[in-house]
Amino acid sequence: MEKKKRSAAIDSVVGVLLAIFGIYVIVESLNMTVYNIFIDSPGFFPLIIGVILTILGAVLAVMGFKAGGAVELKEVFRGTFLKNFIKDDSTIRVIILLAFMAVYIYGLLGRIHFIIATSIYLCANFFYLKACKKWWMAIIISVIASVAVYYAFRYGFNITLP
């Protein structure tokens with residue numbers, strides 16, 4: 001099996017985003033209410049997590065930039081790369097699946113019963129991905145999974161689904 005090469009550009013971008021998110025967590029944790037001393041406040045643990053995220057994000061970003069991340073990022077943002085990325089079959093597949101999810105969340109849930117909405121969503125995914133060899137099998141699996149999830153949450157966890 002061929003081992004995939006790590007991308008320095010990805011390391012750089014993810015490291016920067018992780019550091020920014022860590023700083024956000026730190027700021028928000030410092031804005032939490034302190035009752036007696038800070039070590040007892042609800043913001044103490046998030047502060048520790050934020051510091052760790054910031055440090056690890058900065059380390060990852062520095063490693064990515066040292067490995068040539070800036071050069072790779074310039075190549076990524078060229079027009080030809082973006083055109084090829086948008087026209088790629090994998091990208092189109094992800095966009096279609098995200099559209100299915102958006103229709104399910106914003107169009108079906110809350111408007112029709114959960115079991116029916118979820119069955120339609122799962123069937124659409126199964127048909128699009130050609131997950132089942134027979135169409136009726138996709139419908140049966142979708143309905144059984146929807147009913148199982150609904151009743152597990154309703155009676156097992158005592159949570160009413162939309």
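Lys130 is exposed, with a relative accessible area of 70%, where exposed stands for over 50%, buried for under 20% and partly exposed for anything in between (1.4 Å probe, protein chains only). This residue sits in the loop between helix H6 (114-129) and helix H7 (135-156); helices here are DSSP runs of H or I with at least four residues, strands are runs of E with at least two, and both are numbered from the N terminus. The model is a predicted one, in which local features need pLDDT of at least 70 and side-chain atom pairs count only at pLDDT 80 or more, while totals for chains, interfaces and linings use all residues. Residues are numbered from 1 along each chain as its sequence is written, and side-chain values use heavy atoms, with hydrogens and water left out.

The backbone of Lys130 is worth a look too. Most residues other than glycine have a negative phi. Phi of Lys130, however, is positive, near 55 degrees. Asn158, in the segment after H7, also has a positive phi, of about 60 degrees, without being a glycine. Asn158 counts as exposed at 67% relative accessibility.

Along its principal axes, the C-alpha trace spans about 55 × 55 × 30 Å. Of the 162 residues, 23% count as buried.

Gly69, Glu72 and Leu73 are buried in H3. Because they cover an arc of only 100 degrees around the axis, these residues lie on the same side of H3; the arc is that of the directions from the helix axis to the C-beta atoms. Which exposed residues does the face turned away from the buried side carry? They are Val71 and Lys74. The cover over the buried residues of H3 includes helix H1 (8-30) and helix H2 (44-66).

Helix H2 also holds Phe45, which counts as exposed at 57% relative accessibility. The C-alpha atoms of Phe45 and Ile26 are separated by 9.9 Å, and the two residues are 19 residues apart along the chain.

Note on methods:
Contact = heavy atoms within 4.5 Å.
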